[in-house]
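Subject: Structure handover

Hello,

My notes follow below it.

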Amino acid sequence: NTVLVLNGPNLNLLGKRQPEIYGRATLLDVEDLCRITASEVGLSAECRQSNAEHVLIDAIHEFRVGCAGIVINAGAYTHTSVAILDALNACEVPVIECHISNVHRREEFRHHSYISKAATAVMAGFGIQGYALAIRHLAHLRAGKA
Ligand code: DQA
């Protein structure tokens, strides 16, 4: 009953990086929120962050079967990485793509996502609450309610 919460490049700087776009919450705040939310719905959150594409891919491989799902904010790899898309396409568990900002009202190059092609659902613009909503949705899927 684990969910993998996977954060990609530059998200280690959350809270310090462009706070007008991403807010003041830190990565630790996000991970605490995920662990608390997961425990509220009978799941447990395994939180990972990496700036390296291959580390993200290895984490996806580790969780691709058997867990309750993956919540992934791939950061800028969202817009560039066929390799992460391929890893997510190998997943047998639901995948929820998560973005803190509303990527669709930002620069054109953020409008396309490779991740979306493998995602069950997409969150964008909910701030860090998007992670919590995504975890709640995975619990619904797990319970066969969604
Ligand atoms: C982001 C949006 C991406 O375009 C950007 O590269 C990020 C963060 C978000 O959470 O809004 O690093 O995924």
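Tyr 22 is partly exposed, with 19 other C-beta atoms within 10 Å. The cut-off for buried is 20 or more, so Tyr 22 stays in the middle class. Keep in mind throughout that this is a predicted model.

Tyr 22 sits in helix α1, residues 19-22. Beyond its neighbours up to four places away in sequence, Tyr 22 touches Leu 14, Arg 17, Ile 100 and Ser 101.

Active site

Which residues does UniProt list as "active site"? The unreviewed entry gives Tyr 22 and His 99. They span 78 residues in sequence, but no two of their C-alpha atoms are more than 9.4 Å apart, so they gather at one spot.

His 99 is in strand β4, residues 95-99. His 99 is buried, with 23 other C-beta atoms within 10 Å. Leaving out residues up to four places away in sequence, His 99 touches Asn 73, Met 123 and Ala 124.

Binding site

The unreviewed UniProt entry also has a "binding site" listing: Asn 73, His 79, Asp 86, Ile 100, Ser 101 and Arg 110. These span 38 residues in sequence, and the farthest two C-alpha atoms are 24.2 Å apart, so they do not all gather at one spot.

- Ile 100 is in the loop between β4 and β5 (121-124). It counts as buried, with 24 C-beta neighbours inside 10 Å. Not counting residues up to four places away in sequence, Ile 100 touches Tyr 22, Gly 23, Gly 127, Ile 128 and Gly 130.
- Ser 101 is in the loop between β4 and β5. Ser 101 counts as partly exposed, with 17 C-beta neighbours inside 10 Å. Leaving aside neighbours within four places in sequence, Ser 101 is in contact with Ile 21, Tyr 22, Arg 106 and Gly 125.

Ligand shell

Which residues are around the ligand? They are Asn 10, Asn 73, Gly 75, Ala 76, Thr 78, His 99, Ile 100, Ser 101, Val 103 and Arg 110. By type, the shell divides into three nonpolar, six polar and one charged. His 99 is in this shell and also in the "active site" listing of the unreviewed UniProt entry.

Backbone points to check

Most residues other than glycine have a negative phi. Two residues here go the other way.
- Asn 10 has a positive phi, near 75 degrees. Asn 10 is in the loop between β1 and α1. It is partly exposed, with 14 other C-beta atoms within 10 Å.
- Gln 18 is not a glycine either, and its phi is positive at about 35 degrees. Gln 18 is in the loop between β1 and α1. Gln 18 is exposed, with 11 other C-beta atoms within 10 Å.

Helix α3

Which residues of α3 (residues 53-63) are buried? They are Leu 56, Ile 60 and Phe 63. Viewed down the axis of α3, the buried residues fall within an arc of 75 degrees, so they line one face of the helix. The buried residues pack against β1 (2-7), β3 (69-73) and α4 (82-89). On the other side of α3, His 54 and His 61 are exposed.

Whole chain

The protein chain has five helices and five strands. From the N terminus on, the order is β-α-α-β-α-β-α-β-β-α. The C-alpha trace spans about 35 × 30 × 25 Å along its principal axes. For 146 residues, a compact globule would have a radius of gyration near 15 Å; the protein chain has 14 Å, which agrees. Buried residues make up 40% of the 146 residues. Of the contacts between residues at least 6 apart in sequence, 76% join residues at least 24 apart.

Best regards

Note on methods: Residues numbered from 1 in each chain as written. Predicted model: local features only at pLDDT ≥ 70, side-chain atom pairs only at ≥ 80, totals over all residues. UniProt positions renumbered as here; feature names shortened; annotations may be inferred. Helix = DSSP H or I, 4+ residues; strand = E, 2+ residues; numbered from the N terminus. Buried ≥ 20, exposed ≤ 12 C-beta atoms within 10 Å, placed from the backbone. Contact = placed C-beta atoms within 7 Å. Near = placed C-beta within 6 Å. Nonpolar A, V, L, I, M, F, W, Y, C, P; charged D, E, K, R; others polar. Arc of directions from axis to C-beta. Rg over C-alpha atoms; globule rule 2.2 N^0.38 Å.
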